[in-house]
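Welcome! Keep the 3D view open as you read.

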Amino acid sequence: MPGASLSRWTLTYFACALACLVAAEVLMVMGFGYPGAAIEAPETLILVHLVAIGWLSLLLCGALFQFVPVLVARPLLGEELPPVALAFILLGLAVLLSGFAGMAGIIVTPLEVMPLGGSLLIIGFGLVIVSLGRTLWAARPLAMPARFVVVGLAALAATALFGESFALILSGLVGGEAALSLLLNGVPLHALLGLGGWMSFTAMGVSYRLLAMFMLAPETERFPTSVVLATGTLTLVLIAAATPFALAAESGLAGMLLAAAVTGLCALGVYGSDMLALYRQRKRRNIELNAVAAIGAFAALLAAGLLLVFLLFSGSLPDHAGALTYLFAFGWLGGLGLAKLYKIVAFLTWLECFAPVLGKRQTPRVQDLVDERHAAPWFGAYYLAVGMGTLTLLVELPLAFRLFAFIQLVASLAITRHLYRSRELLNVPADLRRGFARPHPFWPQPIARKLP
Amino acid sequence: MSTEKVDEIREALKAVIDPELGQNVVDLGLIYEIEVIDNCVVRISMTTTTRGCPATGYLKQAVQDVAWAVPGVEFADVELTYDPPWSPSFIAPEIAGLLGAR
């Protein structure tokens with residue numbers, strides 16, 4: 001059935017994600033949270049969760065609802081779940097953040113609010129896992145990119161459970177020596193499973209397929225890709241297996257994390273060479289902005305890997321974990337997210353507006369919906385701001401960091417404006433868009449109108 | 001089988017473009033086979049550049065609609081196949097340069 005594989009709620013997820021990105025950047029410009037406050041301060045927790053859940057997780061969920069069906073060439077099962085999951089995640093995030101705000105003394109909230117927020121988030125992400133998991137399960141045996149998504153979803157579940165454990169401990173509902181030890185030692189595990197497992201591993205899997213698709217590169221399953229899958233999965237298993245050490249406050253925790261760093265860097269190294277091979281083997285000589293802008297994200301990933309090695313050897317990782325996380329979250333994950341959004345929004349808009357009349361009248365190309373010449377400098381500004389922001393965090397210049405955060409905010413807003421222009425068909429020549437209704441910027445069309 | 005009819009249908013299918021590459025499905029090599037039975041029943045075997053592409057259903061429908069609209073065609077059936085999988089080498093040489101394909 002035409003349109004059966006068009007995800008209806010993906011753009012709503014994207015709009016919410018972009019709103020959270022802008023909100024987080026505004027907070028950084030205002031000097032809220034790290035580096036103005038301590039890395040473990042409740043203000044920083046607000047910022048971190050706004051980025052990790054609001055921006056990156058919602059972006060990834062929206063993209064997966066569209067692309068898991070593409071990866072497995074089957075329609076999404078449980079199509080009614082995405083809007084319900086979104087409502088739970090947004091509500092859970094708001095409640096969780098208000099709990100942190102209570103901890104910071106900004107507002108007055110009962111302590112039990114935090115585990116309530118965590119529970120709502122578990123329900124929301126649980127629904128995402130059920131919908132995508134069923135779709136993947138029905139499509140076995142899975143191709144390589146889809147296997148990355150399976151591992152990523154398992155890491156998401158583990159991250160959410162860790163988060164809820166912390167919320168229960170912080171609210172005082174769960175106590176004892178082991179709980180305290182988990183709170184003191186387990187935060188890196190929560191962060192690594194979230195940023196490294198759920199977000200990075202899933203993004204890596206999807207990037208294999210998306211980049212090959214848009215650059216016409218061969219999609220053959222290569223041996224190095226299975227090495228990335230194996231070493232990456234081993235990294236996440238090592239991180240999860242370190243939990244008992246965190247609970248018992250035993251010295252083995254550092255050793256486990258070091259082993260995970262070694263396997264993780266191996267996975268990243270092979271992934272990097274895979275991406276390089278993909279760009280080199282592409283059949284499309286002139287690549288589009290989404291693929292060019294993604295190079296900035298890969299560079300940020302490489303820089304983050306090198307920075308990690310440097311910090312490990314110099315013994316200064318605890319002092320600069322904030323800078324490393326910032327580079328990883330905004331340079332690698334955020335950069336890749338914005339680059340791919342630039343393509344996905346135009347592609348989905350084309351499907352919504354023009355696909356139903358394909359062959360019946362002249363339609364624009366997907367590329368006619370974007371204005372790469374004017375959008376490209378903003379991607380440059382974004383990466384430059386993130387790179388300089390990382391540098392200012394490393395050399396501890398908080399005021400300069402806020403200046404670069406401002407440039408990052410302006411660049412993000414400009415890219416968002418370009419996405420809006422795509423949605424509104426403002427870049428399409430007037431004669432080609434005449435007679436076509438513009439879709440709502442972020443709300444799905446009623447089903448009856450969508451099907452031709 | 002009428003080769004004239006096949007040519008007529010092939011020409012008509014040039015109205016259908018692949019949204020991603022911006023070229024018509026015939027020159028892109030997405031139409032594998034056109035068979036005309038009794039000068040009025042058409043069977044088309046086609047593919048897409050990527051398996052599972054969200055535009056697949058629309059492309060198949062458009063090819064069927066266009067073939068059916070050719071005068072004299074009473075029935076058109078379109079089969080989607082990925083055997084062999086599409087490759088940029090299927091692109092007609094005259095448009096390969098436009099795409100920057102190599």
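The contact between the chains takes 28 residues from chain A and 25 residues from chain B; two residues are in contact if their C-beta atoms, placed from the backbone, lie within 7 Å. This is a predicted model, in which local features need pLDDT of at least 70 and side-chain atom pairs count only at pLDDT 80 or more, while totals for chains, interfaces and linings use all residues. Residues are numbered from 1 along each chain as its sequence is written, and chains are lettered from A and ligands numbered from 1 in the order in which they are written.

**Where chain A touches chain B**

- Helix H2 (42-72) and helix H12 (317-353) of chain A are the elements that give two or more residues to the side of chain A that touches chain B. Helices (H or I, at least four residues) and strands (E, at least two) are DSSP runs, numbered from the N terminus.
- H2(A) gives the most to this side, with 4 residues.
- By class, this side of chain A has 17 nonpolar, 6 polar and 5 charged residues. Ala, Val, Leu, Ile, Met, Phe, Trp, Tyr, Cys and Pro count as nonpolar, Asp, Glu, Lys and Arg as charged, and the others, Gly among them, as polar.

**H2 and H4 of chain A**

- The axes of H2(A) and helix H4 (residues 113-138) of chain A come within 10 Å and cross at roughly 15 degrees. Axes are lines fitted to C-alpha atoms, for helices over the stretch in contact, and angles run from 0 to 180 degrees between N-to-C directions.
- H2(A) and H4(A) are therefore roughly parallel to each other. Angles under 35 degrees count as roughly parallel, over 145 as roughly antiparallel, 65 to 115 as roughly perpendicular and the rest as oblique.
- Among the residues making this contact are Ile53(A) and Cys61(A) of H2(A), and Leu121(A) and Val128(A) of H4(A).
- The contact of H2(A) with H4(A) has 10 nonpolar, 1 polar and no charged residues.

**H5 and H6 of chain A**

- Helix H5 (residues 144-170) and helix H6 (residues 177-185) of chain A have axes that come within 10 Å and cross at roughly 120 degrees.
- H5(A) and H6(A) are therefore oblique to each other.
- From H5(A), Ser165(A), Phe166(A) and Ile169(A) meet Ala179(A), Leu182(A) and Leu183(A) in H6(A).
- The residues of this contact of H5(A) with H6(A) divide into 5 nonpolar, 1 polar and no charged.

**The end of H3**

- H3(A) is followed by Gly105(A), whose phi is positive, near 80 degrees.
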